[in-house]
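Me: I would like to learn how to read a structure feature by feature, with the general idea set out before each case. Could we start from a single residue and work outwards?

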Protein chains: 2
Amino acid sequence: MERVNAMILSRTGSDVTMIPEVANHLISSGGKRLRPMLTLAMADLCGYQGEGQVKLAASVEFMHTATLLHDDVVDESDMRRGKLAARMLWGNEASVLVGDFLLGQAFKMMVEVGSLRALDILSTAAAVIAEGEVLQLSVAKNTETTEDEYLSVIRGKTAELFAAACEVGPVIAGSSKANEAACRSYGLNLGIAFQLIDDALDYGGVAAKLGKNTGDDFREGKITLPVVLSFRRGSSEERAFWKRTLQDGAIEDGDLEQAQTLMRKHKALEDTIERARHYAKMAKDALGLFPASPMKQALNDAVDFCIARAH
Amino acid sequence: MERVNAMILSRTGSDVTMIPEVANHLISSGGKRLRPMLTLAMADLCGYQGEGQVKLAASVEFMHTATLLHDDVVDESDMRRGKLAARMLWGNEASVLVGDFLLGQAFKMMVEVGSLRALDILSTAAAVIAEGEVLQLSVAKNTETTEDEYLSVIRGKTAELFAAACEVGPVIAGSSKANEAACRSYGLNLGIAFQLIDDALDYGGVAAKLGKNTGDDFREGKITLPVVLSFRRGSSEERAFWKRTLQDGAIEDGDLEQAQTLMRKHKALEDTIERARHYAKMAKDALGLFPASPMKQALNDAVDFCIARAH
């Protein structure tokens with residue numbers, strides 16, 4: 001990961017000083033670097049001996065960072081990872097364009113690695129992610145969104161990059177098709193579980209306690225699984241509450257607490273976590289093909305850790 | 001359902017006497033008529049007052065029957081629902097062509113109902129089902145199939161028709177988009193749960209007892225979720241067993257019992273049922289939008305019944 005971090009820093013360099021400023025504002029803001037770690041882990045799991053995994057991992061993180069920069073503009077977010085969003089400091093135009101620059105750099109690094117299949121997988125992912133974001137726009141603020149529709153959104157916006165980050169590992173290692181499919185499946189299902197847990201955490205997790213980062217989704221009117229479940233399980237008065245707050249954006253003092261109360265009443269957070277557990281189990285079974293090793297153990301532990309965050 | 005059954009019988013009529021013979025051999029062989037019942041139930045749930053649901057329900061059953069006739073040819077099956085398969089009595093050609101006749105009749109009935117949207121939904125389903133069958137051919141006998149790949153197969157071959165059967169109900173009732181999506185989601189997830197339970201039952205369910213219909217999938221070398229899980233969780237000797245029996249088709253006396261022993265060892269049947277439970281929960285939550293009614297209760301009970309079959 002040290003080499004990946006060094007690669008990330010060197011590739012944000014530009015004579016246009018605003019580019020490294022904007023990029024590093026976000027890149028150095030304490031992201032978990034989960035996606036590039038998955039690329040390194042899968043390359044290792046499949047016995048890869050070369051150097052290509054470092055650039056691919058950096059590419060994956062750049063794609064993720066570009067998405068975040070663009071998301072903040074689309075969502076008109078003020079904050080990101082507890083800091084002011086880049087767009088608040090440098091404006092929307094800079095956020096959009098530096099995102100594009102990072103996507104371009106990501107593709108340059110992929111080309112340098114020289115694996116056409118890895119390029120295919122990551123560029124397909126870039127298209128699917130964008131498609132997922134557009135789908136999210138179209139379901140945005142619609143409290144009647146079904147769980148299936150919501151799953152399609154998070155498959156696109158979150159799980160696809162996890163899947164691609166994992167799949168390129170066996171690809172550059174020249175591993176079997178079965179291993180490629182297994183790694184992809186692990187990433188896809190881990191990504192879904194990860195996003196569902198994030199959704200539950202945004203309302204305080206099982207404890208439903210208010211923390212400094214709770215309530216962002218609520219304030220932004222995002223329809224996530226805890227809302228989908230609460231809305232469907234709720235009375236017509238409760239549905240009117242969700243429509244007023246999320247659909248119409250008319251949020252008053254005490255509404256977030258009311259949202260949490262309704263979620264507690266309908267076990268919406270517990271069941272969101274329970275649903276996440278299903279995908280977590282699928283992720284672990286996907287890796288069953290690989291013989292026991294410390295790396296496989298670490299990947300299984302990562303799944304458990306993802307679920308444990310909610311508690 | 002009586003009117004649907006009468007419609008089914010009247011529409012298998014033809015001057016070519018082989019057609020009603022072949023069609024009724026299968027149609028009168030004690031299928032559960034689950035799919036047409038879903039169409040009737042959803043039309044009722046959405047307050048439909050007309051007559052179109054009867055022909056759409058019969059169409060859905062014809063589509064299902066056509067698939068079974070074609071499947072038996074593709075799988076070279078000797079038996080179906082405890083009776084000789086139609087192809088054993090009238091030959092493969094008759095099975096294929098009577099299947100095509102039933103598909104044609106199904107479309108004729110849909111056209112008579114006159115809802116272009118219902119036609120669109122059911123004809124799309126017909127294409128997706130065929131696509132699912134081709135996908136199944138391509139993963140057939142591959143013991144390294146991932147759970148995700150297997151889910152894609154059953155979404156196509158089973159869940160899509162359940163989804164379409166449910167979706168046309170609100171469509172002819174002129175119900176809201178949200179209700180259409182809810183009914184479709186119920187059907188899709190019930191279909192997945194139903195197929196997973198079928199897969200577990202084919203190895204005897206949780207009791208893993210041998211019954212008269214157990215072992216069909218094993219003998220035909222079908223890769224289903226209990227196999228996917230046992231293969232991934234198994235040792236290399238165990239994987240060699242699955243490859244010999246399912247991939248190479250070299251099945252010896254006692255192999256089915258050995259398959260069941262391995263499934264018991266790895267909790268593959270319990271976990272297949274547990275996975276089915278996840279989709280069952282999604283199906284129930286999908287119907288949350290509808291107010292309480294005896295029909296809604298019956299649809300929720302149908303989900304529980306589907307899972308309870310495995311015990």
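Reply: Let us begin with B:Lys296, which lies in helix α15 (residues 294-308) of chain B, where helices are DSSP runs of H or I with at least four residues, strands are runs of E with at least two, and both are numbered from the N terminus. This is a predicted model, in which local features need pLDDT of at least 70 and side-chain atom pairs count only at pLDDT 80 or more, while totals for chains, interfaces and linings use all residues. Residues are numbered from 1 along each chain as its sequence is written, chains are lettered from A and ligands numbered from 1 in the order in which they are written, and side-chain values use heavy atoms, with hydrogens and water left out.

Me: Which side chain of opposite charge is nearest to B:Lys296?

Reply: Lys and Arg count as positive and Asp and Glu as negative, with His and the chain ends not counted. A salt bridge is a side-chain nitrogen of Lys or Arg within 4 Å of a carboxyl oxygen of Asp or Glu, and buried means under 20% relative accessible area, exposed over 50%, and partly exposed in between (1.4 Å probe, protein chains only). Here B:Lys296 is buried yet has no salt bridge, the nearest side chain of opposite charge being B:Asp285, 8.9 Å away. Contact means heavy atoms within 4.5 Å; leaving aside neighbours within four places in sequence, B:Lys296 is in contact with B:Leu45, B:Leu287, B:Gly288, B:Phe290 and B:Pro291.

Me: Where is B:Asp285 in a salt-bridge network, and how many salt bridges are there over all chains?

Reply: The count comes to 46 salt bridges over all chains, and B:Asp285 is linked in a network of them with A:Glu147, A:Arg233, A:Asp271 and A:Arg275. A separate case is the salt bridge between the side chains of A:Glu160 and A:Arg184 (3.1 Å, N to O). That pair links distant parts of the chain, with A:Glu160 in helix α8 (residues 147-172) of chain A and A:Arg184 in helix α9 (residues 177-201) of chain A, 24 residues apart. A:Glu160 is buried, with a relative accessible area of 9%, whereas A:Arg184 is partly exposed, at 25%.

Me: Which residues have the most contacts inside the largest nonpolar core?

Reply: A nonpolar core is a set of buried Ala, Val, Leu, Ile, Met, Phe, Trp, Tyr and Cys residues joined through side-chain atoms within 4.5 Å. The largest has 112 residues, and those with the most contacts inside it are A:Tyr186, A:Trp242, B:Tyr186 and B:Trp242. A second, separate core of 38 residues includes A:Val4, A:Met63, A:Ala86 and A:Leu161.

Me: Which residues of helix α1 in chain B are buried?

Reply: In α1 (residues 2-11) of chain B, the buried residues are B:Val4, B:Met7, B:Ile8 and B:Arg11. They cover an arc of only 100° around the axis, which puts them on the same side of α1(B); the arc is that of the directions from the helix axis to the C-beta atoms. The face turned away from the buried side of α1(B) carries the exposed residues B:Glu2 and B:Leu9. What covers the buried residues of α1(B) includes α2 (18-27), α3 (34-45), α4 and α6 (92-113) of chain B.

Me: What rotation superposes chain B on chain A?

Reply: Two copies of a chain are related by a rotation about an axis and a shift along it. Here a rotation of 180° with 0.0 Å of shift along its axis superposes chain B on chain A (RMSD 0.0 Å), the superposition being by least squares on the C-alpha atoms of residues with pLDDT of at least 70 in both copies. The two copies are thus related as by a two-fold rotation axis.
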